[in-house]
Amino acid sequence: MARIYQIDIKTQEIKPSSDDTYTDMLELADDLPDSSPRYILLSYPLTLPSGRLSVPYVLIYYLPVNCNPNMRMSYAGAVELMRGTAEVNRVIEITDAEDLQEIEEKLKGED
C-alpha cells in the first residue's frame with residue numbers, strides 16, 4: 001500500500017498529492033510526474049528468503065534527474081523531516097518511476 005506526498009510550494013507543507021492509495025506499483029509509477037520530486041510512503045508485504053513474512057514501511061524519495069533545482073533543494077531539505085514524521089527506518093531514493101518495479105528486490109536487500 002502506498003501514498004504519494006508532495007511539498008506545497010506556497011506554504012512549504014508536505015501534503016498528500018491526492019486521496020489515492022495504491023496497491024499496484026505500475027499504477028503508482030504512472031501517477032508520478034516526470035519532472036517533479038515526490039515522497040512515497042510504502043508498506044509492502046513480502047516473503048523473505050527465510051520464508052518469514054515481512055511488511056517493511058519505507059519512505060521512497062522520488063527525485064527525477066530533470067527536476068527543477070529549487071524543487072530539488074526543497075525536497076532534499078525536507079526528506080529527514082518526512083522520515084521522522086512518518087516514523088520510517090529506511091529511505092530509498094529512486095530517480096525513475098520505473099525503479100518501482102524493482103522495489104521488492106530493494107526491500108529484500110534490507111538486512
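**Chat: a charged patch and some tyrosines**

User: Hi! Which helix is Asp 30 found in?

Analyst: Hi! In this predicted model, Asp 30 belongs to helix H1, which covers residues 25-30.

User: And is Asp 30 buried or exposed?

Analyst: Asp 30 counts as exposed, because its relative accessibility is 64% and the cut-off for exposed is over 50%.

User: Which residues gather with Asp 30 in the patch of negative charge?

Analyst: On the surface, Asp 30 gathers with Asp 19, Asp 20, Asp 24, Glu 27 and Asp 31 in that patch.

User: Nice. Switching to aromatics: how many aromatic pairs does the structure hold?

Analyst: There are two aromatic pairs. One is formed by Tyr 39 and Tyr 61; it is tilted, at 5.7 Å centre to centre with 35° between the planes.

User: Where in the chain do those two sit?

Analyst: Tyr 39 is in strand E3 (residues 38-43) and Tyr 61 is in strand E6 (residues 57-62). They are 22 residues apart, and the pair links distant parts of the chain.

User: What about the pair with Tyr 75?

Analyst: Tyr 75 pairs with Tyr 39, again tilted, with 5.0 Å centre to centre and 45° between the planes. Tyr 75 lies in helix H2 (residues 69-86) and Tyr 39 in strand E3, so this pair ties together parts that are 36 residues apart in sequence.

User: Is Tyr 61 buried or exposed?

Analyst: Tyr 61 counts as buried, at 5% relative accessibility. Tyr 39 is buried too, with a relative accessible area of 0%, and Tyr 75 is buried at 0%.

User: Which residues form the aromatic cluster, then?

Analyst: Tyr 39, Tyr 61 and Tyr 75 make up one aromatic cluster.

Definitions and conventions. Residues are numbered from 1 along each chain as its sequence is written. This is a predicted model: local features need pLDDT of at least 70, side-chain atom pairs count only at pLDDT 80 or more; totals for chains, interfaces and linings use all residues. Side-chain values use heavy atoms; hydrogens and water are left out. Patches are made of residues with over 30% relative accessible area and no salt bridge: like charges are joined within 9 Å, nonpolar side chains (Val, Leu, Ile, Met, Phe, Trp, Tyr) within 5 Å. Accessible areas come from the Shrake-Rupley method with a 1.4 Å probe; for residues, only the protein chains shown count as cover. A salt bridge is a side-chain nitrogen of Lys or Arg within 4 Å of a carboxyl oxygen of Asp or Glu. Lys and Arg count as positive and Asp and Glu as negative; His and the chain ends are not counted. The place of a charge is taken as NZ of Lys, CZ of Arg, CG of Asp or CD of Glu. Helices (H or I, at least four residues) and strands (E, at least two) are DSSP runs, numbered from the N terminus. Buried means under 20% relative accessible area, exposed over 50%, partly exposed in between (1.4 Å probe, protein chains only). Rings of Phe, Tyr and Trp (its six-membered ring) pair if their centres lie within 6.5 Å; planes under 30 degrees apart count as stacked, over 60 as edge-to-face and the rest as tilted.
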